[in-house]
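Here is a short report on one protein model. Take a look at the chain before reading on.

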Amino acid sequence: MRNISYKEKGSKISAKDSRRFAPTQNAEEIVLKWPLFSLAIGLVTLGLGITALQYGSDPDEIILFCFFFLVAGMSFHYVECYIYPGNFIADFNRSYFQSLYEDIPYSPRMALFINFLGLYFASIILTLATYYVSMIGFIPLGMMLAHGIKVLSFALSEKAYTPGCMTSALILIPYPLLASFQLIANGNISRQGFAAGFLLGWAFYTLSLAYLRHRWQAKQKALGKKGPAG
C-alpha cells in the first residue's frame, strides 16, 4: 500500500497528534537544509581528521581525530538518508513502525532534533569527557555501530536498497571497529573500557528506538487501531 503523506491523511489521527507531529513548512524546509550543513561539517572534520592523523602523535590527538572521522562519517550518512537518494523518513516509518504515514511518527522535525543534537552536541560532549573517563568516548562509536547494523540488516532482509545502507556498510560498521582496535593498540583505553563504552552506546540506541515504537503502539491502541508487530 502506498504511504500516506501528512496532507492526505485528514482525520486519521487525533487533533493532539496533528499538532505534535505536523511537519510545518518551516520544519520541512529545515529538514532539507540541515543535511547540507551536515555535509559541510563532514568535509571540514574529514580534513581535520586527516591532518590530525598525519601530524598528531600525542594520545589525546589520536582521540580527537577519531572524533573528527566519526562526525564526518555520520554527516555523509545523513546525506544518503536525507538528500540523495533520500526518503529515509518515509522508509523508516514504514519499516520500523509499520506506519501508513510518510511522516508519522518519525517526522522531519524529529529527525532534525535527534540527528542534529545527537551528532553535534552529544558527540562533542562525550569526546571532551573522554579526557577524564576514557570509556565514554566509545559510547558514540557504539551507537554508530548499532545504527549501521540496524540499517544494513534491514536492507539485507528486504533484499533491496534502503536509505543509508551504503554508508552503513562502508562507514558506520567498519569505522567504529577500526577506530576502537587502534585506540586499544595505542593504549588509549583498556579492553574492558572499550567493551563498557560500546555496550552503553549500543544499549542507549536500542532502547531509544524501542521507546519510540512503544509510544507509537500505545497511541495506535488508544485510537482503536492495531499497532505494529513487535
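Is Asn93 buried or exposed? The model is predicted, and in it Asn93 is buried, because its relative accessible area is 0%, under the 20% cut-off for burial.

Asn93 sits in helix α4. Its side chain reaches the backbone nitrogen of Tyr106 at 2.9 Å. Beyond its neighbours within four places in sequence, Asn93 is in contact with Gln98, Ser99, Tyr101, Glu102, Asp103, Ile104, Pro105 and Tyr106.

## Helix α4

Of the 8 residues of α4, 6 are buried, and the helix is mostly covered. Those buried are Phe88, Ile89, Ala90, Asp91, Phe92 and Asn93.

## The nonpolar core

Which residues have the most contacts inside the largest nonpolar core? They are Tyr82, Phe92, Phe97, Tyr106, Phe138, Tyr175 and Leu183, in a core of 40 residues. Seven helices each supply at least two residues of this core: α2 (25-55), α3 (59-82), α4 (88-95), α5 (108-129), α6 (138-158), α8 (174-185) and α9 (191-222). The largest share, 10 residues, comes from α3.

## A nonpolar patch outside

What does the surface hold? Phe113, Ile114, Leu117 and Phe121 form a nonpolar patch there. Together they have about 380 Å² of accessible area.

Ile114 is found in helix α5. Ile114 counts as partly exposed because its relative accessible area is 36%, between the 20% and 50% cut-offs. An α-helix has 3.6 residues a turn, so residues three or four places apart point the same way.

## The whole chain

How many helices and strands does the protein have? The count is 9 helices and 0 strands. Read along the sequence, the pattern is α-α-α-α-α-α-α-α-α.

Of the 230 residues, 47% count as buried. Among contacts with a separation of 6 or more, 71% join residues 24 or more positions apart. The protein exposes about 12300 Å². Carbon and sulfur atoms supply 67% of that area.

Key:
Residues are numbered from 1 along each chain as its sequence is written. This is a predicted model: local features need pLDDT of at least 70, side-chain atom pairs count only at pLDDT 80 or more; totals for chains, interfaces and linings use all residues. Side-chain values use heavy atoms; hydrogens and water are left out. A nonpolar core is a set of buried Ala, Val, Leu, Ile, Met, Phe, Trp, Tyr and Cys residues joined through side-chain atoms within 4.5 Å. Buried means under 20% relative accessible area, exposed over 50%, partly exposed in between (1.4 Å probe, protein chains only). Helices (H or I, at least four residues) and strands (E, at least two) are DSSP runs, numbered from the N terminus. A polar contact is a pair of N or O atoms within 3.5 Å; within protein, one must be able to donate a hydrogen and the other to accept it, and residues adjacent in sequence count only if both atoms are side-chain atoms. Contact means heavy atoms within 4.5 Å. Patches are made of residues with over 30% relative accessible area and no salt bridge: like charges are joined within 9 Å, nonpolar side chains (Val, Leu, Ile, Met, Phe, Trp, Tyr) within 5 Å. Accessible areas come from the Shrake-Rupley method with a 1.4 Å probe; for residues, only the protein chains shown count as cover. A salt bridge is a side-chain nitrogen of Lys or Arg within 4 Å of a carboxyl oxygen of Asp or Glu.
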